[in-house]
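Let's take a walk through this structure together. Keep the 3D view open as you read.

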Amino acid sequence: MTDRNSSLSPLDLETPEKPFLDANELVINMGPQHPATHGVLRVILRLDGEKVLGLECVIGYLHRGVEKIGEHRTYTMFNPYVDRMDYVAAVSNGMGYCETVEKLLNVEAPPRAQHVRVILTELNRIASHQLWLGTHALDIGAITPLFYTFRDREEILKIYEKYCGARLTTHAFRIGGLQYETYNGFEREVKNFLDFFRPKIDEYEELLTTNRIWVERTRNIGVISGKDCIALGVTGPVLRASGVKWDLRKAQPYANYKDFDFDIPTGQNGDTYDRYLVRMAEMRQSVRIIQQAVDALPEGHIMAKVPKVMKPPAGEVYHSIEAPKGELGYFIVSDGSTQPYRLRVRPPSFVNLQALDVMCRGQLVADVIAVIGTLDIVLGEVDR
Amino acid sequence: MTQIIQYIQSYLGSDQTPGAAGNMFWALVYIMLVFAGLSVAVIAMNWLERKILAHMQVRLGPMRVGPHGLLQPIADAIKLLLKEDIMPAEADGFVFWMAPFIVVLAAFTVFVVVPFGPTHAITDMNIGILFMLGVSSLSVLGIVMAGWASNSHYPLIGALRSSAQMVSYEVAMGLAVVSAVLMTSLNAEGTGTLSMIGIVQAQLAQGEWFIFKFFPLGLIAFFIFAVAMVAETNRAPFDLAEAESELTAGFHTEYSGFRWSLFFLAEYSAMIAVSSIAVTLWLGGWLRPFPNLLHNATWDLVFSLFPGVTFLLFAAMCFYNAVRMPKHPLFRIQTIGLAGFGVVLGLIGLVLFVPAVSLRVQDVFWFAAKVAGFMYMYIWYRGTFPRYRFDQLMQMGWKVLLPMGLGVLILTASVALLQQRIWHP
């Protein structure tokens with residue numbers, strides 16, 4: 001088992017500690033079928049008793065070749081496939097893809113479409129964070145928040161269902177704008193949801209934020225510095241909880257995020273508790289953005305002029321958005337035909353998962369579960 | 001023949017437990033009763049836990065098997081009995097086979113000394129509480145055996161966690177128990193007792209439950225015990241041994257079917273057992289509220305009505321929900337079933353109003369009601385708390401509860417001494 005050392009993350013400078021009493025290490029295979037690995041992640045743990053000496057992630061159990069499929073579909077046909085990557089934040093995936101292709105085609109969605117896109121993606125951010133909160137708490141042993149978050153997430157899914165007919169893999173956006181005009185009462189329902197949801201965040205926080213056991217289980221667990229985050233390419237709430245104020249919505253504003261007033265919540269310690277607080281604050285900020293967007297929803301067209309058969313000029317484009325889990329980027333190489341020559345996705349979960357080893361080294365088995373939860377990975381996106 | 005009848009009759013009207021009276025026939029009857037009652041309690045607990053937890057979590061819980069899922073535990077039991085008996089190929093067969101039996105044996109044997117009433121115990125031992133603590137801690141042996149024999153990593157870690165946890169919490173638990181036992185010696189003769197029945201009688205004689213004795217010393221000792229007993233039974237938030245999200249199912253990962261159900265049975269009867277200890281030591285065991293203060297014929301009558309009224313309330317709940325059932329023909333059987341269940345409960349309630357019955361049963365009722373309170377707390381903890389981590393759990397056991405237990409013990413002893421020597425010489 002000693003040869004595993006060589007395959008450990010190069011970022012880690014300290015060598016694993018010598019096991020106490022020179023006892024044999026225990027190598028445990030956690031997953032791919034395991035209740036807390038959020039799907040089919042397989043983690044090979046090297047343990048000394050309960051202490052983690054090192055770990056290695058084995059991925060690929062959910063690989064469907066999304067990127068390769070992209071090379072054999074037209075730009076329009078590929079759109080629904082991206083929903084299947086991060087299936088709890090399908091709307092964000094679609095947002096990223098549509099904006100990338102729009103950049104390639106050099107078209108811009110009309111203001112009304114932009115506003116609706118922002119509303120739906122921010123709702124999706126809330127839904128994604130709710131799912132994260134529920135499963136993260138469940139992993140740490142608090143079984144009740146899961147049901148509260150799912151109850152409230154249902155309201156968001158209802159809005160999606162009414163808007164486009166689907167709840168999970170929504171395929172809500174089209175290249176150049178939206179397929180559907182909003183339904184009657186869309187604005188009222190979104191506003192109702194915001195009023196309904198504001199006290200719910202307090203309800204979640206009431207259960208956990210000051211809960212002694214919760215704080216003990218999450219504070220100083222899975223600490224990662226901002227420097228390490230940047231070195232590993234970690235983005236999203238994990239990066240921000242380590243004190244780096246980097247949010248693509250502010251740093252490289254896309255859609256019409258420039259028009260909205262919101263803060264970027266950051267943490268200081270980069271531990272699991274800070275990441276929890278950052279995500280809770282992000283939900284509040286999302287509520288703020290949605291409120292502004294829905295209050296100022298302009299009238300007008302929902303679809304820009306795009307050719308029926310899309311043949312973008314030859315060239316390449318990279319565009320990234322701030323998905324709930326971090327930077328979601330699409331890199332498309334066009335050869336001037338109707339299909340991309342190469343399509344590459346930069347999924348936040350996949351990159352963030354690299355940090356697992358650094359964050360878990362020296363912690364206990366129970367903390368590995370907490371850290372997997374706090375990284376908020378979706379295996380559909382890791383494997384694609 | 002007449003000798004046998006005489007032997008049987010000789011116990012009737014006795015003010016002793018059958019074991020103490022040396023009457024084996026009645027002891028056997030009591031054992032049957034306790035065993036049956038316990039099994040029913042575990043089944044009821046299974047249903048209640050799922051229902052209560054579900055309602056805490058804004059869901060309905062079991063609703064399909066029987067009205068409001070009342071038959072769900074029975075369906076589950078049948079399912080478990082019919083399941084294939086799987087033993088891992090690499091397992092140590094004999095130890096794997098033995099482990100659940102040891103756990104069940106330990107969990108059930110402790111009920112030999114649990115006093116459901118002044119005479120309602122299988123036997124009264126002069127070392128009752130010691131016996132209970134000793135036998136209940138045997139179950140850790142079964143858990144370690146199960147984890148070891150499975151020959152698998154998760155069960156092994158679960159078993160190690162469990163043994164460390166139970167061993168360290170037993171110390172704090174023991175200290176809390178000792179401080180309660182110490183309180184029994186505060187009488188004119190200065191003789192304490194370890195007998196479970198004696199402990200309750202001491203509370204009656206001293207006119208207060210030990211939880212209120214030397215306030216807040218009794219309360220703190222009770223608190224220590226209440227925390228330690230959750231850890232002792234491996235329940236949330238101390239359910240590290242079977243931490244689902246970490247170790248899949250902990251020490252019983254490799255068990256299925258009937259063997260698994262034995263672990264389940266043992267877990268719930270162990271919960272009832274430790275709750276019984278807590279009730280006996282601090283909450284006055286079978287004593288009704290204010291047995292000394294409100295002691296006259298009227299109050300006796302009022303309190304003797306409680307068991308019957310409780311069952312009538314349950315019956316009323318059944319009828320109310322039967323009326324609320326959807327009027328669709330598909331629900332007819334469920335409605336009838338629920339109403340029938342209500343009738344049964346109502347009849348039991350009516351029988352409990354008969355003075356001869358209520359006189360004998362009310363002790364058991366008060367005891368069961370107090371234990372039920374603890375059972376509810378168990379479910380409540382599970383719905384509220386995240387899980388402690390292993391090192392935090394040990395820290396809490398050794399660095400918080402143990403010193404607290406020692407301190408309470410010393411303070412209790414000092415106060416008791418002062419009371420005997422100075423205030424009441």
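Start where the two chains meet: 26 residues of chain A and 21 residues of chain B make up the contact. Keep in mind that this is a predicted model. Which parts of chain A touch chain B? At least two residues each come from β1 (26-30), α4 (111-140), α5 (144-164), α7 (212-218) and α14 (365-375) of chain A. Sorted by class, chain A's side of this contact has 17 nonpolar residues, along with four polar and five charged ones.

Now hop over to chain B by itself. Four residues from domain 1 of chain B and five residues from domain 3 of chain B form the contact between them. On the domain 1 side of chain B, that contact has two nonpolar and two polar residues, with no charged ones.

Let's finish by zooming in on one residue, M56(B). You'll find M56(B) in helix α3 (residues 24-56) of chain B. Is M56(B) buried, exposed or partly exposed? There are 17 other C-beta atoms within 10 Å, so M56(B) counts as partly exposed; being buried would take 20 or more, and being exposed 12 or fewer. Leaving out residues up to four places away in sequence, M56(B) touches T144(A) and G383(B). As for P118(B), 62 residues away along the chain, its C-alpha atom is separated from that of M56(B) by 37 Å.

Methods
Residues are numbered from 1 along each chain as its sequence is written. Chains are lettered from A and ligands numbered from 1 in the order in which they are written. This is a predicted model: local features need pLDDT of at least 70, side-chain atom pairs count only at pLDDT 80 or more; totals for chains, interfaces and linings use all residues. Two residues are in contact if their C-beta atoms, placed from the backbone, lie within 7 Å. Helices (H or I, at least four residues) and strands (E, at least two) are DSSP runs, numbered from the N terminus. Ala, Val, Leu, Ile, Met, Phe, Trp, Tyr, Cys and Pro count as nonpolar, Asp, Glu, Lys and Arg as charged, and the others, Gly among them, as polar.
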